[in-house]
Amino acid sequence: MTVPAAAYLLLSAALFTLGTVGVLVRRTALILFMSIELMLNAVNLAFVTLARVHANLDGQLAVFFVLVVAAVEVVVGLSILVHIFRSRDTVDVDEVDLLRG
Amino acid sequence: MEVLLFAVSAALSVAGGVGVVAARQPVHSALSLLLVLGSLAVLYLTLAAEFLAVLQVIVYAGAIVVLFLFVIMLLHARTPESRPSPLGGQWSLAVPLGAALWAGLSYAVLQLPAGSRELPPEFGSTEAVGRELFSRFLLPFEVASLLLLVGIVAAVVLGSSPAPSSVPPRSASGREEA
């Protein structure tokens with residue numbers, strides 16, 4: 001490993017932070033989903049890096065399961081989003097406030 | 001060589017991440033996400049995770065991003081976020097908080113001891129990952145297949161039922177009147 005593992009982990013931290021900022025500032029539900037995908041990928045990178053550092057495959061298998069869960073999450077989330085758009089004609093998360101007290 | 005590959009991929013993925021967050025059009029965000037996913041696949045290859053690199057390209061870049069693009073096409077979203085946010089100052093608060101989060105995470109990362117172990121041959125190959133998956137991780141694997149089935153059923157149910165019309169869409173001028 002000529003590149004130190006810390007460099008990979010710093011990149012992972014940067015991507016996770018970008019995803020967090022995206023969730024905080026954007027209001028289009030689609031882009032919120034993409035920011036969540038960004039955070040999931042940052043965590044995946046940390047898993048793969050540490051699997052390499054410890055020469056242990058468990059980290060790579062965790063990434064496999066994260067991939068499966070992310071796929072299901074995106075499918076269900078996007079179909080709910082299409083539903084919301086058809087009934088309310090918006091995907092702005094500030095507009096969908098039926099449960100606001 | 002490996003350093004160059006890492007530098008290029010890292011720069012591309014950070015640029016893509018900024019693009020996801022800052023792009024004005026959802027399509028540009030989706031394409032930036034594709035850039036992030038592709039450069040992460042390259043990084044997985046340098047980390048001896050070839051099976052995951054292939055999976056990343058097929059599942060993430062091939063399926064999830066395409067799904068995003070389809071939904072963007074279906075929603076034909078009007079120019080998004082044109083009106084000012086009802087919660088002001090999100091950017092000015094989120095950026096310092098994000099910087100603080102990154103500083104904290106970096107501090108935690110730099111506490112880790114350096115150095116890595118020797119890799120056994122075939123580490124991260126499809127055969128090695130598959131062997132683990134079908135022996136020690138068999139039960140989680142079966143549960144994951146059940147989860148995928150739930151996802152399929154949910155997508156079919158949500159996609160085929162008519163949209164509920166009982167909720168009146170909020171009028172565009174509603175917020176200005178209030």
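Q: Before we start, what counts as buried, partly exposed or exposed here?
A: A residue is buried if 20 or more other C-beta atoms lie within 10 Å of its own, exposed if 12 or fewer, and partly exposed in between, with C-beta atoms placed from the backbone.

Q: And what sort of model is this?
A: This is a predicted model, where local features need pLDDT of at least 70 and side-chain atom pairs count only at pLDDT 80 or more, while totals for chains, interfaces and linings use all residues. Residues are numbered from 1 along each chain as its sequence is written, and chains are lettered from A and ligands numbered from 1 in the order in which they are written.

Q: OK, B:Leu45. Where does it sit?
A: In helix α2 of chain B. Helices are DSSP runs of H or I with at least four residues, strands are E runs of at least two, and both are numbered from the N terminus.

Q: Is B:Leu45 buried, partly exposed or exposed, and why?
A: B:Leu45 is partly exposed, because 17 other C-beta atoms lie within 10 Å.

Q: What does B:Leu45 touch, beyond four places in sequence?
A: B:Glu50 and B:Ala53. Contact means C-beta atoms, placed from the backbone, within 7 Å.

Q: New topic: the largest nonpolar core. Which residues touch the most other members?
A: A:Leu30, A:Met34, A:Leu45, A:Val48, B:Leu33 and B:Tyr44, out of 65 residues. A nonpolar core is a set of buried Ala, Val, Leu, Ile, Met, Phe, Trp, Tyr and Cys residues joined through C-beta atoms within 7 Å.

Q: Which element gives the most?
A: α2(A), with 15 residues.

Q: Now chain A. How many helices and strands?
A: Three helices and zero strands.

Q: Why is chain A called more spread out than a compact globule?
A: Its radius of gyration is 17 Å, well over the 13 Å from the globule rule for 101 residues. That radius is taken over C-alpha atoms, and the rule is 2.2 Å times the number of residues to the power 0.38.

Q: What are the spans of chain A along its principal axes?
A: The C-alpha trace covers about 55 × 25 × 25 Å.

Q: How much of chain A counts as buried?
A: 54% of its 101 residues.

Note on methods. Contact = placed C-beta atoms within 7 Å.
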